[in-house]
Amino acid sequence: MGVTHHGRTHRLDLLDPTLREFSCTVLASDPETGIVLDRSAFYPGGGGQPPDHGVLLWQGVQTRIVGTRKGDDLYLLPAEGDPLPPVGSAVTGAIEDERRSLLMRTHSGLHVMCGVVFRDFGALVTGGNMEPGTARMDFNLPEVPSDFKTRLEDLINAEVIADRRVDVRVLERDEALALPDIIRTQSNLIPADEQEIRIVDIVGLDVQADGGTHVASTSQVGKVQIVKVESKGKANRRVRLRLI
């Protein structure tokens, strides 16, 4: 489960986040539970990153994929009324490029912000969510300087311009948890039975456990705007950003 496989599905999305088209075989096909493939580049969602959209192409027919459900297998959810490929069919999967690419940029932008806030303000993440091009992240930050919004935007964009490399690797659990400050959330969200942990490293800025898709360098994020900083309790601050 998790890093290379989920149930019977080999996860191509984590091996190569640039992959947008792939061939595969249908292992299960049901209008209620969904479609299971032997290999898939569809990111199934998780960690605040929404699932991919796209299509399956088979025998001149198209099935639109509008979501994913995680269970013992990864179930791709077809659009209502679309035909389903039969079990055993050879199909081609195609990921909606604009949505995935924008989500990758957004996710990496959040990691840049997380790294900056941890480095310069000493705050941990308490929550977050993203959509293509927009996102929010909550921090345990009791004291906020009066110029926090402007400073944060400038600091983030300086790291984007710095073109820091974004590396991904998989480590054994003990090795990963031995890394300093590897957990950037206030509570440890890594399942106790997860023996391999995927690490996303924005070289020189941010290293943390993460299961999402990312761009190859911070320059690919593009310009970031901090839209709003909100108070969400005595010590919690919500930062909203968008890519421009």
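The model is predicted, so local features need pLDDT of at least 70 and side-chain atom pairs count only at pLDDT 80 or more, while totals for chains, interfaces and linings use all residues. Residues are numbered from 1 along each chain as its sequence is written, and side-chain values use heavy atoms, with hydrogens and water left out.

Start with helix α2, residues 97-121. Helices (H or I, at least four residues) and strands (E, at least two) are DSSP runs, numbered from the N terminus. How far apart are the end C-alpha atoms of α2? They are 35 Å apart. The 25 residues of α2 should span 36 Å at 1.5 Å a residue, so the two values agree. The expected span is 1.5 Å times one less than the number of residues in the helix. Glycine 122 follows α2, and its phi is positive, near 65°.

Valine 112 sits in α2. Is valine 112 buried or exposed? Valine 112 is buried, with a relative accessible area of 0%. Buried means under 20% relative accessible area, exposed over 50%, and partly exposed in between (1.4 Å probe, protein chains only). Leaving out residues up to four places away in sequence, valine 112 touches Ile156, Glu159, Ile202, Leu205 and Thr218. Contact means heavy atoms within 4.5 Å. The chain also brings aspartate 206 to this residue: the C-alpha atoms of valine 112 and aspartate 206 are 7.1 Å apart, although 94 residues separate them along the chain.

Next comes the core. In soluble globular proteins, nonpolar side chains tend to be buried together. A nonpolar core is a set of buried Ala, Val, Leu, Ile, Met, Phe, Trp, Tyr and Cys residues joined through side-chain atoms within 4.5 Å. The largest one here has 31 residues. Which of them touch the most other members? They are Met113, Phe139, Leu152 and Ile156. Helices α2 and α3 (148-161) each supply at least two residues of this core, and so do the strands β10 (125-131), β11 (134-140), β13 (196-202), β15 (224-231) and β16 (236-243). Helix α2 gives the most, with 9 residues.

Leucine 152 shows how the parts meet. This residue belongs to helix α3. Leucine 152 is buried, at 0% relative accessibility. Beyond its neighbours within four places in sequence, leucine 152 is in contact with Met113, Val116, Val117, Ile226 and Val239. Leucine 152 and valine 117 are 35 residues apart in sequence, yet their C-alpha atoms are 7.7 Å apart in space.

There is a second, separate core of 14 residues. Among its members are Phe22, Cys24, Leu56 and Leu76. Cys24 is also one of the contacts of serine 89, along with Thr25 and Val26, when neighbours within four places are set aside. Serine 89 lies in the loop between β8 and β9. Serine 89 is buried, with a relative accessible area of 8%. From serine 89 to glycine 115 the C-alpha distance is 45 Å, over 26 residues of sequence.

Leucine 84 lies in that loop too, between β8 (74-78) and β9 (90-95). Setting aside residues up to four places away, leucine 84 touches Ser29, Asp30, Pro31, Ile35, Trp58, Thr63 and Pro78.

Now look for the second largest pocket. Its volume is about 230 Å³. On a 1 Å grid over the protein atoms alone, a pocket is an open set of points where a 1.4 Å probe fits, with protein on both sides within 12 Å along at least five of seven lines; lining residues have an atom within 4 Å of a point. Grid points are joined across faces, edges and corners, and a volume is the space filled by probe spheres set on the points. Of the 15 lining residues, Pro17, Met104, His214, Val215 and Ala216 are the closest to the centre of this pocket. Helices α1 (12-15) and α2 and strand β12 (166-172) each supply at least two residues of the lining. Strand β12 gives the most, with 3 residues.

Glutamine 59 is in the loop between β6 (54-58) and β7 (61-70). Its phi is positive, about 50°, although glutamine 59 is not a glycine. At 67% relative accessibility, glutamine 59 is exposed. Aspartate 163 is in the loop between α3 and β12. Aspartate 163 is not a glycine either, and has a positive phi of about 55°. At 41% relative accessibility, aspartate 163 is partly exposed.
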